[in-house]
Amino acid sequence: MTSRSHDPSTPRRPATDEPSPEELRARIEHTRDQLGRTVEALAAKADVKAQATEKAAQVTGQIRDKAEHVVHLAAEKTPDPVLDKAGRAALLTVGAALIVFLLVRGNRRRNR
């Protein structure tokens, strides 16, 4: 009888319960991808400033939408001469609020 010896040039077949190198590489890549996503999610949760900015943007958008709705309703029910005077007063108010905002913002930057 001839015994079969292992030829070193022939790759070994892994046991059926052992994953191939390609399978291991795929698993490692998948794990790295999951880990990267987890790290990004944790970093986002830890970024309080970004969360606050996002929340402020959402609230600002909601306020803007409601204000536009109220202005539209008021414009429909208000006589034209009153609208003209109210428009000028609103423009002055917005201008004054913008100036105050810019002054406060500039003051805060100087105090840092």
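This is a predicted model: local features need pLDDT of at least 70, side-chain atom pairs count only at pLDDT 80 or more; totals for chains, interfaces and linings use all residues.
Residues are numbered from 1 along each chain as its sequence is written, and side-chain values use heavy atoms, with hydrogens and water left out.

**Entry: surface**

I checked burial next. Of the 112 residues, 2% count as buried (under 20% relative accessible area; exposed is over 50%, partly exposed in between, with a 1.4 Å probe and protein chains only). The accessible surface comes to about 11000 Å² (Shrake-Rupley method, 1.4 Å probe; for residues, only the protein chains shown count as cover). Carbon and sulfur atoms own 60% of that surface.

**Entry: helix α1**

I went to Glu 23, which sits in helix α1 (residues 21–46). Glu 23 counts as partly exposed because its relative accessibility is 43%. A polar atom of the Glu 23 side chain lies 2.8 Å from the backbone nitrogen of Ser 20.

How many salt bridges does a search of the whole structure find? I got 1 (a side-chain nitrogen of Lys or Arg within 4 Å of a carboxyl oxygen of Asp or Glu). The side chains of Asp 33 and Arg 37 make a salt bridge, at 3.2 Å from N to O. Both residues lie in helix α1, 4 residues apart, about one turn of the helix. Asp 33 is partly exposed, as its relative accessible area is 37%, while Arg 37 is exposed at 57%.

I then looked for patches (residues with over 30% relative accessible area and no salt bridge; like charges joined within 9 Å, nonpolar side chains of Val, Leu, Ile, Met, Phe, Trp or Tyr within 5 Å). Lys 49, Arg 105, Arg 108, Arg 109 and Arg 112 form a positive one. Lys and Arg count as positive and Asp and Glu as negative, with His and the chain ends not counted. For the place of each charge I took NZ of Lys, CZ of Arg, CG of Asp or CD of Glu.

Helix α3 (residues 80–111) gives this patch its largest share, 3 residues. Arg 108 is in helix α3 and counts as exposed because its relative accessibility is 59%.

Leu 98, Phe 101 and Leu 102 make a nonpolar patch of about 310 Å². I placed Leu 98 in helix α3, where it counts as partly exposed at 47% relative accessibility.

Definitions and conventions:
Helices (H or I, at least four residues) and strands (E, at least two) are DSSP runs, numbered from the N terminus. A polar contact is a pair of N or O atoms within 3.5 Å; within protein, one must be able to donate a hydrogen and the other to accept it, and residues adjacent in sequence count only if both atoms are side-chain atoms.
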